[in-house]
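Colleague: Hello! I am new to this structure and would like to learn how to read it. Could you take me through some features one by one?

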Amino acid sequence: MDDAEIVALYWQRSEAAIAETEAKYGAYCRAIAWQLLCSREDTEECVDDAWLAAWNAMPDKRPAHLSPFLGRITRNLALNRLDKRHSLRRGGGVLPLCLEELSGCIPGGSSPEEALEARELAERLRRFVDQLPKAERRVFLGRYFYFLSLEEIAARLGYHPGKVKSMLYRSRQKLLRCLQEEGFV
Amino acid sequence: MTSLQFLKALDADDRALLDAARALGLTEARPALPLRRKKLVRTLLIAAVLLSLLGVTAYAADFPGLRALLLPGSQGMAYHAADLPDGERLLTEAPDGGMLSLTQPMALPEDLDPRIAVKVENSAAAWAEWLAWKEAHPFEEPEVFRPPEGTGFSETAENPDGSYTVAFYEDSRWDEQAGRIVGVRLIEVRTATEEEYAADRHYKEVMGHLGIAGYDHSYGVYDEAGAEKLEELAAKYGLALRRERTVLSPQTGEPGPENGDSLETLVELLSEKTCSAPLFNRNPDRIDHASYFQEGSFSLSYSVADASSGEELSCYVCSSPYGTLSSGMEMLEMEGDLTAFQSRTHTAPDGTELTVLFSGETAYFYTWLEKSYFAGRIGGLGRSAAPEAAVTAVLDAIAFTHIGV
């Protein structure tokens, strides 16, 4: 079933929407949740929460592509879970490593304008990622959106792990310069 | 800013995420069809028109035997799927792959009974006309809800006066403060009336049900005009239509093992409706799904234990009566390497001759029965110690001469 048909099921409030979503995107969302949570029970709960969030979002939302839509929901729900467990820096998987790698890029301090800054940062990060060369963007998103290990990214894209490491290093340097120029860090 | 906030802010456009997910093999494990809907419709239209004008392709020899199954135009439109050690599935494009139909022959043997051949050709011609009519009469949502170019996300909100505001965005993102997904980079805002909103809901409902009641959803009948046209074509070409599907499986409450009824009961019921006598000489070990139409079409998904290894072989069979309007796309199988298949014939205990295509991992088979075209797939053969014998066992368990009413 294509995405438009599945979205139509949500709009029609048909329970088949969840079944079709599970069939088409269950493995994808579980993979995203697992990379962060590293617990079968937490992963299943997170994915169930993602289906509920999708059910509540449609209508009146109508995403053209369900993969990024569900991916974002699942990723953020998993991050929320880790945050609640105070496990962002102590959890399993590659997340602690990713945070360490990105630590130089994270704006410090807190301010009354934090919410506005977060929105502006999100927009800037999106533009940054969009401007990366395709190969570099795939590696960057594999690491910092999907939280795959260097070896996994290398295996999936047919690279040597060393090449993945150096591509990520270059991307982070570019990101840091970009955020410095715009005053975020 | 907290680490959590930064990670959530680290996002990308839908296009970038889709591209990365596909490149990394994180998409759904088995895409339903590798082609976008519109392109597949055109491919089939071309193939169907050729079939109807020039005659269904006749083949003199069954080499490699796949031509009867291979959907025209689908060669190269497939993926290899490989299981990685961590359980994930890696998808890569397969130039030697293609889509195989189990419900309609894509090519006919030269020595086929001409009474059967004309029915198959009529179905192809009727389908070509039906597709052409659907292209000329598209079923669409109201103009106001049709997304403009570049839309990746839209949302609708009701206004106090009963009208609706429809906003179209290029993309979407997670808004931490709002706690939900919001649109990004507004393209256009429109206002819809109550009537347009209701029409859009109706459109969504019809699409959600994959068509209006009374017709198999594979026909794509969305309104009364479409129903009228389909009935006209069926009458013109002397074809039956698949109407309401009856599903026999434990999940539906129909007879099945989970409802206290036995697998034997389910086979009996399916055989009563679609065969002249029991479908199997030897019942399978498990039935996952079974369904049939009143005109005699049926499909069955089941498992049998391989005698040599005890491992489960997954089987899927379809029976498609001659003279039923069919696209051949009701059940498509994607194969990554068509060159891996070797062709042979097999004669079942009841004398039915089958063409068998075997790759070591998977086998396809098909036969021209008296009343229907019967095709199937056997998977899981890679785990068998004697795969050829396993294929023979599966085929010999089916009572082919009983199929059809």
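Modeller: Gladly! Keep in mind that this is a predicted model. Let us begin with strand 16 (residues 363-368) of chain B: five of its six residues are buried, so this strand is largely enclosed by the rest of the structure.

Colleague: Which strands pair with strand 16 of chain B, and in what sense?

Modeller: Strand 15 (residues 353-358) of chain B pairs with strand 16 in the antiparallel sense, over four bridges. Strand 17 (residues 372-379) of chain B also runs antiparallel to strand 16, and six bridges join those two.

Colleague: How do I follow that pairing down to single residues?

Modeller: Pick one residue and look for its partners. B:Ala363 in strand 16 is the bridge partner of B:Phe358. B:Ala363 also stands opposite B:Ile378 in strand 17 of chain B.

Colleague: How many residues lie between the strands in each hairpin?

Modeller: The hairpin of strands 15 and 16 of chain B has four residues between the strands, and there B:Gly360 takes a positive phi near 100 degrees. The hairpin of strands 16 and 17 of chain B has three residues between them.

Colleague: Is B:Ser319 buried or exposed?

Modeller: B:Ser319 has a relative accessible area of 2%, and it counts as buried because that value is under the 20% cut-off. Its side chain makes a polar contact of 3.0 Å with the side chain of B:Ser372. Beyond its neighbours within four places in sequence, B:Ser319 is in contact with several residues, including B:Phe298, B:Tyr373 and B:Ile403.

Colleague: You mentioned a positive phi. Which residues other than glycine have one?

Modeller: Two examples are in chain A. A:Cys38 has a phi near 50 degrees, and A:Phe147 has a positive phi of about 55 degrees. A:Cys38 is found in the loop between helix 2 (16-37) and helix 3 (40-57) of chain A, while A:Phe147 is in the loop between helix 7 (134-144) and helix 8 (150-157) of chain A.

Colleague: And how accessible are A:Cys38 and A:Phe147?

Modeller: A:Cys38 is partly exposed, at 33% relative accessibility. A:Phe147 is buried, with a relative accessible area of 0%.

Colleague: Now the two chains together. What should I look at in an interface?

Modeller: Start with the extent, then turn to the contacts. Here 67 residues of chain A are in contact with 60 residues of chain B. The area buried between the chains is about 5900 Å², of which carbon and sulfur atoms give 61%. A:Arg62, A:Arg126 and A:Arg156 supply 15% of the area that chain A buries against chain B, more than any other three residues.

Colleague: How many salt bridges and polar pairs are found across the interface of chain A and chain B?

Modeller: There are 11 salt bridges. One of them joins B:Asp13 to A:Arg126, with the closest N and O atoms 3.1 Å apart. There are also 19 residue pairs in polar contact across the interface. Helix 6 (residues 114-131) of chain A gives the most to the side of chain A that touches chain B, with 12 residues.

Colleague: Where do strands from both chains pair?

Modeller: Strand 1 (residues 61-63) of chain A runs antiparallel to strand 6 (residues 153-158) of chain B, and three bridges join them. In this pairing, A:Arg62 stands opposite B:Ser154.

Notes:
Residues are numbered from 1 along each chain as its sequence is written. Chains are lettered from A and ligands numbered from 1 in the order in which they are written. This is a predicted model: local features need pLDDT of at least 70, side-chain atom pairs count only at pLDDT 80 or more; totals for chains, interfaces and linings use all residues. Side-chain values use heavy atoms; hydrogens and water are left out. Buried means under 20% relative accessible area, exposed over 50%, partly exposed in between (1.4 Å probe, protein chains only). A polar contact is a pair of N or O atoms within 3.5 Å; within protein, one must be able to donate a hydrogen and the other to accept it, and residues adjacent in sequence count only if both atoms are side-chain atoms. Contact means heavy atoms within 4.5 Å. Buried area is the accessible area (1.4 Å probe) that two parts lose on being put together, summed over both. A salt bridge is a side-chain nitrogen of Lys or Arg within 4 Å of a carboxyl oxygen of Asp or Glu. Two strands pair if DSSP finds at least two bridges between them.
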